[in-house]
Amino acid sequence: MEVALLFLLIIGLLLVGVPIAVSLGLSSILFLLVFSDSSLASIAQTLFSAFEGHYTLLAIPFFILASAFMSTGGVARRIIRFSIACVGHFPGGLAIAGVFACMMFAALSGSSPATVVAIGTIVIAGMRQVGYTKEFAAGVICNAGTLGILIPPSIVMVVYAAAVDVSVGRMFLAGVLPGLLAGGMLMVAIYAIARIRNLPKGEWTGWREVFAAAREAVWGLLLIVIILGGIYGGVFTPTEAAAVAAVYAFLIATFVYRDMGPLATGDGRANLSLFRHPAALLTALVHPDTRRTLFEAGKLTVTLMFVIANALILKHVLTDEQIPQQITEAMLAAGFGPIMFLIVVNVILLIGGQFMEPSGLLVIVAPLVFPIAMELGIDPIHLGIIMVVNMEIGMITPPVGLNLFVTSGVAGMPMMAVVKAALPFLAVLFVFLILITYVPWISTVVPHTFMGPELITN
Amino acid sequence: QCDEGETVIKFSHVTNTDKHPKGIAATLLAERVNTEMNGKACMEVFPNSTLYDDNKVLEAMLQGDVQLAAPSLSKFEKFTKQFRIFDLPFMFKDINAVEAFQASDAGQAMLDSMQRRGLQGLAYWHNGMKQMSANKPLLLPTDAQGLKFRVQSSDVLAAQMEALGGTPQAMAFSEVYGALQQGVVDGQENTWSNIYGKKFFEVQDGITETNHGIIDYLLVTSVDWLDSLDPAVRDQFLTIVAEVTEARNKESTAVNAAAKQSVIDAGGVVRTLTPEQRAAWVKAMKPVWDKFADDVGADNIAAAQSANQMTN
Amino acid sequence: MHEPRTAFDRFQENFVAVLLGLMTVITFANVVARYILNTGILWGLEVTVFLFGWMVLIGAAYAVKTKSHLGVDAVLLALAPPRRRQFGLFAALCCILYALLLLKGSWDYWANFANLPATEGRWFPLGFEEKFRAKGWYETQDTPMPELFGLHPLDWIQDVFNEGEEYEKIPRLLPYFVLPLAMALLLYRYVQAFVALWRGRLDSLVASHEAEEAVEEAAQKLKDA
Ligand code: NA
Ligand code: NA
């Protein structure tokens, strides 16, 4: 009962325009002061232990930074060129290439909106030039962009792993097959629509173009080798992999692609050579471009982590009042089996996704449902992937959907137009969600093969 | 579920409730308090670090936000460096010697040594003796040379690994299994029950039965809270604590023996040392004592040595 | 609030950028140390998480000024401007209350670590406590006191907070100081936002998503193309 009040307060504050972080934090503080005997100091302590006590979350700023260095436009352009060379000649080729490019960019970036911005900016314009409607282009990119959090690396997966204490490495590995599957399903859907509606197709430009484009794009794509290979090859922890990825992305953007930093020149002219300007090795560190990228990545980290830290305050208050136990008992007493339970989880997340930024929502919901899932014998990694896919759908459904906002901004379309445009592909993602929810094998086969099952020894 | 008027005792710990020696003891303590002290006191247990981790729980206790905790002994080095005695390698020859030292005057005095800082030790809870494992056989200390070992955050344990020519690495406990499996670190040290519970044996070449150190816990509360209790309530509570401690500590040897057997049954390799091999390990690690002797105090070391002899 | 950036604003931006850079370099250096130098930087992880906390908490105050905090503006956009302003002012008051309560909580948490009294009172400070247990001696886990070229720049705090006794590790009062500092800054920024809303220079506190600026830029590019 009291808990219902707490959640109503949070939603009320959200709707009148209080920032998410403050809505979560303030509601939790008021709840704690009224119903518990813990001190305000314990809230401050919890706020700080969002950093000190959750080493896993440290991967987030590094993945954001790596993605920021990779989002300078040059990387996306090279990836898109490669995609078009590979699949541009199919019916609906440019749209399929857009999905393919989103999948590749998702492998460099941990967030979905970043994927939409980077790929959407170029592909939507390109699609319109060859005769697609603006709506179709926006719908495709809006959906494919959600793969940013399913294909590793993924900030949302890091948050899930931190919230319930499972291995980030396993979560990343678990996202690979579902990510390929979701991307594949979207491409097939586009192909089918293209055949029916007779959409434009490009020309096969030959293997030479494929190889030339691949050679250009490979520096960026090597990032995923560093991240996944580094974690599974036993070179780094996931957090270290993220930091190495950030350093690598900086080096590639500054010294190889030279899209930014001291060796970059304005549009159109050839970039400078490092051999001619060796001082760049030092000046790159303090170059305004580097500083700006660090600040932009820092700012995004700040806003995300401030939400997460306040969600952790809510989690602390709920734990302090033993709410998760009560919910677990109630649900088990109601005789929920795994199937019914997963439906409930899906519904909670789909509704919650309407109001909340995905990471914050996960921090709150995951600890509530995790103990029940373990009682019911659900694989913790499978549960994580279900949650991630729900977050993806939340991003493209109204009224609140991160990718809808971003796509409408990038494409210059009203929100409702994007919503309508996204609908056919949203249906594809729904089928995908059902598949993921009831076929655990898709999520677990890769991590089990490489790392064995996740142990819950608690 | 506490009733109006009952003294609420929040016990925050970091393990499960039904398999780990500490978790079992905490559960038993809560059951007894909640039945025998019904109406007077009520204990809520928060397992699995859901409320606080070991690094934060003592802060929360001093703030009055939690009343009981049982961190491992090395966590108390911040409060008084005497507690480093429990991390020094080969200080105690077996768990009986540890038990004898803890029961001695020196050991009991350590329970009270942090009153100045606001903490009162109530009882020592055993986990057991530490064993070593790595991704290659460890029979002589030279085998550990150049390996990366995950250690608990402690200067003594870092120095111990450096004395072996290894590299100590700090790492969250939850990441250790993955790090061992992938080879980010090569080895670790732990008790049988932790090695079995966290399945470390699956991702190591084998476990060497070194018994070189111990992992025990200190059941601790705040001085201010204990003082605030009604004397009758306090006495009854402390009596229950003492009885639970005795019952569970008696079991600890069996728990670790069972865990060791389970490791073997599950296909883990367990290596025992010959007296000569063991002497080599002692010789390699004991120099660590010099560095921390002043922190620990000569009387405590003497008491530990006599505990070793007493339990022959 | 797209007002000109002051020197203080630029300082905060550089602060965020430099801390994120340091975090990356330390973590990267730890990998290099492990594989190339065969050692570990034991304090690396702890220092990095402290920098992380400082960056986010100080940055959170600055993010109020740049209107970067995420929120839901769907309802606000559906309202008539006068009503929207009322909602905005109410939201700002909620934020101010949040910052006030957390400022008290942060002070209470930090003060004893700096041998200072916490405040009395459950909701609001009602004076300072008279008796308390000082925790100036309480050290962090792994971070040693810094030593640069034989200099010990922080040793003076031993005399101030630890009765002259030597710290092996830096005391907790240093990293935790960010809490009261950041909450005071946050309070300042929310009051500033309230005033801006009152004067009509600002229409809401929140950004609807994390990439607003990037999207504006991208949309501009698309329009140009
Ligand atoms: Na991704
Ligand atoms: Na949504």
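Predicted model: local features only at pLDDT ≥ 70, side-chain atom pairs only at ≥ 80, totals over all residues.
## Chain C against chain A

The interface between chain C and chain A buries about 6,400 Å², and carbon and sulfur atoms give 78% of that area. On the side of chain C, C:Tyr98, C:Arg122 and C:Glu210 supply 12% of the area buried against chain A, more than any other three residues. The contact involves 72 residues of chain C and 73 residues of chain A.

In one salt bridge C:Arg34 pairs with A:Glu240, with 2.8 Å between the closest N and O atoms. Polar contacts between chain C and chain A number 11 residue pairs, both residues being at pLDDT 80 or more. Several helices of chain C give two or more residues to the side that touches chain A: α1 (7-37), α2 (44-65), α3 (74-77), α4 (81-111), α6 (173-176), α7 (178-198) and α8 (212-224). By class, that side of chain C holds 47 nonpolar, 16 polar and nine charged residues.

## Annotated segments of chain C

An unreviewed UniProt entry lists residues 15-37, 43-64, 85-103 and 173-191 of chain C under "transmembrane region".

In the model, residues 43-64 of chain C are 95% helix and 0% strand, with 32 Å between the end C-alpha atoms.

## Chain B against chain C

Chain B places 28 residues in contact with 20 residues of chain C. The two chains bury about 2,300 Å² between them, with 42% of the area on carbon and sulfur atoms. Within chain B, the residues that lose the most area to chain C are B:Glu59, B:Lys78 and B:Arg117, which together account for 27% of what that side buries.

Five salt bridges are counted between chain B and chain C. Among them is the pair C:Glu168 and B:Arg84, whose side chains meet at 2.9 Å, N to O. Polar contacts across the interface of chain B and chain C amount to 15 residue pairs, again with both residues at pLDDT 80 or more. On the side of chain B that touches chain C, the elements giving two or more residues are α2 (54-63), α5 (155-163), β6 (167-169) and α8 (223-228) of chain B. The largest share comes from α2(B), with six residues. By class, this side of chain B has eight nonpolar, eight polar and 12 charged residues.

## The disulfide in chain B

Over all chains the structure holds one disulfide. The bond joins B:Cys2 to B:Cys42, with an S to S distance of 1.8 Å. The disulfide is left-handed, because the torsion about the S-S bond of B:Cys2 and B:Cys42 is about -70 degrees.

B:Cys2 lies in the segment before β1 (7-12) of chain B, whereas B:Cys42 lies in strand β2 (residues 41-46) of chain B, so the pair ties together parts that are 40 residues apart in sequence.

Key
Residues numbered from 1 in each chain as written. Chains lettered and ligands numbered in written order. Heavy atoms only, no water. Contact = heavy atoms within 4.5 Å. Buried area = accessible area lost by both parts, 1.4 Å probe. Salt bridge = Lys/Arg side-chain N within 4 Å of Asp/Glu carboxyl O. Polar contact = N/O pair within 3.5 Å; in protein donor to acceptor, adjacent residues only side chain to side chain. Helix = DSSP H or I, 4+ residues; strand = E, 2+ residues; numbered from the N terminus. Nonpolar A, V, L, I, M, F, W, Y, C, P; charged D, E, K, R; others polar. UniProt positions renumbered as here; feature names shortened; annotations may be inferred. Disulfide = S-S within 2.5 Å.
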